[in-house]
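Please look through the structure shown here, beginning with the chain as a whole and ending with single residues of the backbone.

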Amino acid sequence: MKRKLFATRLALAVGLLLIFALFTFLLVSRSNQIAAAKRAQEMQIAREQQTAVVDDFHHRLLESAFALQARRNLIDNPVSPGVVVNKLRPVNPIDYVPAKLAKPEGVPHSGEQMLVPVAASAASQMYQDVRKATGAGFTICSGYRSYSLQKRLYDREVAEFGLAQGEAYVARPGHSEHQLGYAMDIMGDQPENNCALGSAYAATPAGKWVRENAYKYGFILRYQENLQHIVGFAAEEWHWRYVGVDRAKWMHDKGIKTLEELFELPYAPDYAD
Ligand SMILES: [Zn+2]
């Protein structure tokens, strides 16, 4: 009897033990499942984060490459009205010739002054409007100048006035905005002294009108007073540079006087060598 009781108790204990073992097994495997699911989820999140980082990096890389390319097209390309040429930024290529040049229609000129068509028609329109407003116009004394013409002018100026004085007014060949076809030097209706440039025109009513309104036609006064440390040249009240109407208006409205400041370029007081 006693033995039977012992056997029953043993069976019960073994049974309980088995149930306990099974329960533990189920519990452990369940928590393993949960841990595995959690790990998988964490890995998924990590993968997504990594993808996002790579995507973001790639995106920014593309974006900056596009920005860089757009900037190059804007300020390096001699065809662009936003191109910046100064003592540190030669025309590229150095012997660049605009594909097309046109005479500013109806505007008196001292010779065969041409500009790229968009600048020529802007000059033409400005001429008509200044005549209407003031009764006086202007003469274009210099427009497009080839590399070789610029070289002749430069050599002559330096021979006559010496290197320092000569270089203060005439750009080295390949460093003149005139080679772009986007710049014109203007004087009054009847330029005396064979178009010798001076500040007399700027003081006339027509000259003042041009100074106040040129931006509406896309022109900026490229070399203004006290900015030689930025643009490299002393003030030239006759040198108007076409940059496009929107850009000229933007610069006018924001009070930005130089292309170097507009595009946050290094100041160019002097040549690199
Ligand atoms: Zn000029």
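The model is a predicted one. Its chain contains eight helices and four strands. In sequence order these elements follow the pattern α-α-β-α-α-β-α-β-α-β-α-α. The radius of gyration is 38 Å, whereas the globule rule gives 19 Å for 273 residues, so the chain is more spread out than a compact globule. Along the principal axes, the C-alpha atoms fill a box of roughly 145 × 45 × 35 Å.

The domain assignment divides the chain into domain 1, residues 1-76, and domain 2, residues 87-262. A distance of 71 Å separates the C-alpha centres of domain 1 and domain 2. The helix α1 spans residues 2-76. Of the 273 residues in the chain, 27% are buried. Among contacts with a separation of 6 or more, 67% are between residues 24 or more positions apart.

The strands come next. Strands of a sheet pair through backbone hydrogen bonds, and the pairing can be parallel or antiparallel. Here an open sheet of four strands has the order β1-β2-β4-β3, and its pairing is antiparallel. At the edges are β1 and β3, each of which pairs on one side only. On average, and with direction ignored, neighbouring strands of this sheet are turned by 45 degrees against each other.

How many bridges link β2 and β4? The antiparallel pairing of β2 and β4 runs over three bridges. Within β4, Arg241 stands opposite Ala183, and Trp240 stands opposite Met184. The pairing of β1 and β2 is also antiparallel, over three bridges. There Thr139 has Met187 in β2 as its bridge partner.

The burial of β2 can be followed residue by residue. Ala183, Asp185 and Met187 point one way from this strand, while Met184 and Ile186 point the other way, and all are buried. Five of the five residues of β2 are thus buried, so the strand is largely enclosed by the rest of the structure.

Some details of the backbone remain. Most peptide bonds are trans, and most residues other than glycine have a negative phi. Where does the model have a cis peptide bond? A cis peptide bond joins Asn92 and Pro93, with omega at about 0 degrees. Pro93 has its place in the loop between α1 and α2.

Asn226 is not a glycine, yet has a positive phi of about 60 degrees. The residue is found in the loop between β3 and α6, a helix that covers residues 228-231. Is Asn226 buried or exposed? With 9 other C-beta atoms within 10 Å, Asn226 is exposed, where exposed stands for 12 or fewer such atoms. Glu264, likewise not a glycine, has a positive phi of about 50 degrees. Its place is in the segment after α8, which covers residues 259-262. Glu264 is exposed, with 6 other C-beta atoms within 10 Å.

Conventions: Residues are numbered from 1 along each chain as its sequence is written. This is a predicted model: local features need pLDDT of at least 70, side-chain atom pairs count only at pLDDT 80 or more; totals for chains, interfaces and linings use all residues. Helices (H or I, at least four residues) and strands (E, at least two) are DSSP runs, numbered from the N terminus. The radius of gyration is taken over C-alpha atoms; the globule rule is 2.2 Å times the number of residues to the power 0.38. A residue is buried if 20 or more other C-beta atoms lie within 10 Å of its own, exposed if 12 or fewer, and partly exposed in between; C-beta atoms are placed from the backbone. Two residues are in contact if their C-beta atoms, placed from the backbone, lie within 7 Å. Domain bounds come from an automatic or database domain assignment. Two strands pair if DSSP finds at least two bridges between them. Axes are lines fitted to C-alpha atoms, for helices over the stretch in contact, and angles run from 0 to 180 degrees between N-to-C directions.
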